[in-house]
Amino acid sequence: MYLNIIFVFVILVYGRCSWADHLVLDSVVNKLIECSTNSFSPESVRLVNGAGLCSGRVEVKSNQSWASVCEADFDRQDAEVVCRELGCGAPAALQGGLYGEGEGQTWDKEFQCKGKESLLLDCDTSDRKHNTCLPGNAVGLTCSEPDDVRLVGGGSRCAGGVEWYYQGEWRTVGADDWDVAAVVCRQLGCGSTVSALPGNTTRGVGVYCDGDESALRECRRRYYLLPGLTVICSDLLVQPDIFLTDPMGGVSRGHQGPEMFRGYNFTITCSTQPHYPGGSFLLTFTGSNRTQTQPAVNHSAAFLFPAADDSHQGNYICVYDNYVFSHNFSSESELLSLTITASPLPAFIIRHVVVLLILLTSIITSYLYYKVKTFTQTLQVI
């Protein structure tokens, strides 16, 4: 290995090499790059048998092998250090036997972390108070999932320059491959990758991913800077809203959704958040092949229906389309299920008849009162 390093140094200094030298040089450089990278998750502590990097049985590396930790030798301050070291959020659960028993040895020291250390092995330790760790006491730890990756400057949480929260600050992530972008989109729940391009001249922490990781912290870090990466994910547009209104009071809330009386006009409105200008709304109706399209004005569009009838009963969906970052994007709303019911005209008539009767009764009462009063005054005069 040392001879290979000397060989690379000589070539770099003198700048002369044959085609065969290039083959050797490529092999050595690749090996050096591999050796100069490490995982975001440290090699001194890990969580196993959990759902991901941030949950599982606590194991510490000891003499090139992994040892589980006894619950009696590990407390919440120790857990805070482990969660921080793994790049996870705060401890959420700490319990012996939570993720099974380890098959190997048990760590023979008691951790005495103060909770502020960066690495578990930086904590003080002391001899264990108990000689053995009883079955079922291998400590399990669940850390909260961190919000440690974001995309900035793209107008949406699913587009922009990649930043990683590390050691108390947001740092630019430098990368030059599609795999890193795929992991970022997956971690943010933004669908698949649409575009991955060098973002700006700012150089950031180099990252290398295989592409199948669930989070960026599971990737390996390179010890040299790379240009920042701008990522655009497929779920760029937020889900639009859909709602029904009417000016005549003909809509009511039913068990399956809104109910509209026959003969009343109504409006279905589609709207979205003001992330990007322009775009259009497509209103689809599952009861038939009818569709309507309107441009998005102030990020919304209103579809007017002049008179409700049975043909309007069915399911409606708003689809928001927009051309952003040289790509077409679309997003669908939730389903709006509309039911058409009988017109409330009889009830309407009854209400008016009742009002008329009350009014007539009031008039008659007032008339009789006036007649009685007039008659009384006439008798007093006589």
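## Salt bridges

The side chains of Lys109 and Asp127 form a salt bridge, with N and O 3.0 Å apart; the term requires a side-chain nitrogen of Lys or Arg within 4 Å of a carboxyl oxygen of Asp or Glu. Lys109 belongs to strand β6 and Asp127 to strand β7 (residues 124–127), so the pair ties together parts that are 18 residues apart in sequence. Lys109 is partly exposed at 28% relative accessible area, while Asp127 is exposed at 58%. Buried means under 20% relative accessible area, exposed over 50%, and partly exposed in between (1.4 Å probe, protein chains only).

Arg57 and Glu59 form another salt bridge, their closest N and O atoms being 2.9 Å apart, and both residues are buried. Arg171 pairs with Glu169 at 3.1 Å between the closest N and O atoms. Both are partly exposed: Arg171 has 21% relative accessibility and Glu169 has 40%. Salt bridges with shared partners join Arg46, Arg57 and Glu59 into one network. The whole structure holds nine salt bridges.

## Basis of the model

The model is predicted: local features need pLDDT of at least 70 and side-chain atom pairs 80 or more, whereas totals for chains, interfaces and linings use all residues. Residues are numbered from 1 along each chain as its sequence is written, and side-chain values use heavy atoms, leaving out hydrogens and water.

## Aromatic rings

Rings of Phe, Tyr and Trp (its six-membered ring) pair if their centres lie within 6.5 Å; planes under 30 degrees apart count as stacked, over 60 as edge-to-face and the rest as tilted. The count by this rule is nine aromatic pairs. Phe74 and Phe111 make an edge-to-face pair, 6.4 Å centre to centre with 90° between the planes. Phe74 lies in the loop between β4 (65–68) and α3 (76–85) and Phe111 in strand β6 (residues 109–112), so the pair ties together parts that are 37 residues apart in sequence. Phe74 is buried at 5% relative accessible area, as is Phe111 at 2%.

Elsewhere, ring pairs link Phe266, Phe285, Phe305 and Tyr316 into a cluster.

## Overall make-up

The protein has five helices and 23 strands; these are DSSP runs numbered from the N terminus, helices being H or I of at least four residues and strands E of at least two. Of its 382 residues, 39% are buried.
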